[in-house]
Amino acid sequence: MTSLLVRIAEHRDRDAYQDLFVHFAPRIKGFLMRKGADSELAEELMQDTMLSVWTKASMYHPGRGSASTWIFTIARNLRIDRLRRESVRHFDDVDDLEISEDDTASDVTVVAQDDAVIASQERQLVARAMQDLPSEQAQVIRMSFVDDLSQSDIAERLSLPLGTVKSRMRLAYIKLRQALESEL
Amino acid sequence: MSIHHHPDDATLTAYAAGTLSEALSVTVATHVAICPRCRARVRTAEAVGGTLLREAEPVAIGADALARAMARIESSAGAPIDVIERPAVADKRLPAPLARRLGTSLDDIRWRWIAPGVRSHDIAVSPDSGSLFLLRIAPGKTMPEHGHGGAELTMILDGSYSDVTGRYGPGDVADLDEEIEHAPKVDSDIDCICLIATEAPTRFKGVIGRLLQPYFGI
Ligand SMILES: [Zn+2]
């Protein structure tokens, strides 16, 4: 999937875009519906997310990890912008900064190819590490990434002190990071 | 700039998930913009989102969805890429996400007097997305001892302060647990300017109230 994205970025490859769409569109829609959007709204946001994938493809860069991670951030920002009506410019400012840092890399294409391999490894490692998380840690991770609940909301739903939610999230994060660092 | 205090990993994870309110999110972005360590951590947390997106149950999309998408990319072909304009950063103390918000250098801020040696400046955020403001505290000043009711982040932009948890200078973030009570003292010979975000809008009153308390006995 990451190589499709590279083809879109470098050659505006429509076949690659079509393949990417067929794979991701039903998942993006499912992901958004899981977050509470109705079918019509989820379809709209999915279309807008996929359009952004096309228009912003040249801004995708190796540091962003796999295609699914980058697409996740686009969907995340669109959702915050449309549903919560909050500004997401600060996320873009951080990305923009990374892009200017990447510009200084001498051979971007070579880096991108190596990175496609790393991105696919990363994807598998994260998936495995997620499965290995204790259920109470996996729960808070799902509640924040899938159900879009803030730490305070999670604390309320689970009738736990905020500090407990934070420490579960911290522990989960540390395990995921360790899994990535030990293998890459 | 050497950074010694970073946001909690749980805070960086929530930022990556997109569940921090705008005020907190802007504050994390302001730090992340100048901290490669935290930027890498945010990217790792975002990979969790990517994994969950990949694993999401696919649902039926509109029969014309692909045709629509292909038509949209064609009509967007000539359009300029959706690149945002970089904020004009006139002040080295202001990372890009904050520079965009302020639109001015720290020297041109209109400060509001709060108490002797303490001034503040509100920063606009979207409705119901927390409160965000700058606090400017004179050298030698000690803030009243206080705890933290909910999520609250402080990032130092200029000057420095110390409290029981350590010394905080430019780029550092105080992401304190609820239980911690502290009384930061400005230990730089210039004013300490920090960016503060709180989760709920009502928290703003709480913070200012705490600041005013020793002076007015309210
Ligand atoms: Zn940091």
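Biologist: So is B:C35 buried or exposed?

Modeller: B:C35 counts as buried, at 2% relative accessibility. Buried is under 20% relative accessible area, exposed is over 50%, and partly exposed is in between, using a 1.4 Å probe and protein chains only. Keep in mind that this is a predicted model, where local features need pLDDT of at least 70, side-chain atom pairs count only at pLDDT 80 or more, and totals for chains, interfaces and linings use all residues. Residues are numbered from 1 along each chain as its sequence is written, chains are lettered from A and ligands numbered from 1 in the order written, and side-chain values use heavy atoms, without hydrogens or water.

Biologist: OK. Which protein donors does the zinc ion have?

Modeller: B:C35 and B:C38 each give an SG, B:H6 gives ND1 and B:H31 gives NE2, lying 2.0 to 2.3 Å from the zinc ion. Donors here are N, O and S atoms within 2.8 Å of the metal (3.2 Å for Na, K and Ca), and since water is not among the atoms, sites may look incomplete.

Biologist: And why is the arrangement tetrahedral?

Modeller: Because the 4 donor atoms subtend angles of 101 to 115 degrees; four donors count as tetrahedral if all angles lie between 85 and 135 degrees. The ideal is 109.5 degrees for four tetrahedral donors.

Biologist: How are the donor residues spaced in sequence?

Modeller: The pattern is H-x24-H-x3-C-x2-C. B:H6 sits in the segment before α1 (9-17) of chain B and B:C35 in the loop between α2 (22-32) and α3 (36-55), so the pair ties together parts 29 residues apart in sequence. Helices are DSSP runs of H or I with at least four residues, strands are E runs of at least two, and both are numbered from the N terminus.

Biologist: What about the accessibility of B:H6 and B:C38?

Modeller: B:H6 is partly exposed at 22%, while B:C38 is buried at 0%.

Biologist: Switching topic: how many disulfides over all chains?

Modeller: The count is 0, taking a disulfide as a pair of cysteine sulfur atoms within 2.5 Å. B:C194 has its nearest cysteine sulfur, in B:C192, 4.7 Å away, and B:C194 is buried at 2% relative accessibility.

Biologist: What does chain B contain overall?

Modeller: Chain B has 6 helices and 9 strands, and buried residues make up 57% of its 218 residues.

Biologist: And over in chain A, how enclosed is α4(A)?

Modeller: Largely, because 14 of its 17 residues are buried. After α4(A) comes A:R85, with a positive phi near 50 degrees.

Definitions and conventions. Four donors count as tetrahedral if all angles lie between 85 and 135 degrees; four count as square planar and six as octahedral if opposite donors are over 155 degrees apart and all others between 65 and 115; anything else is irregular.
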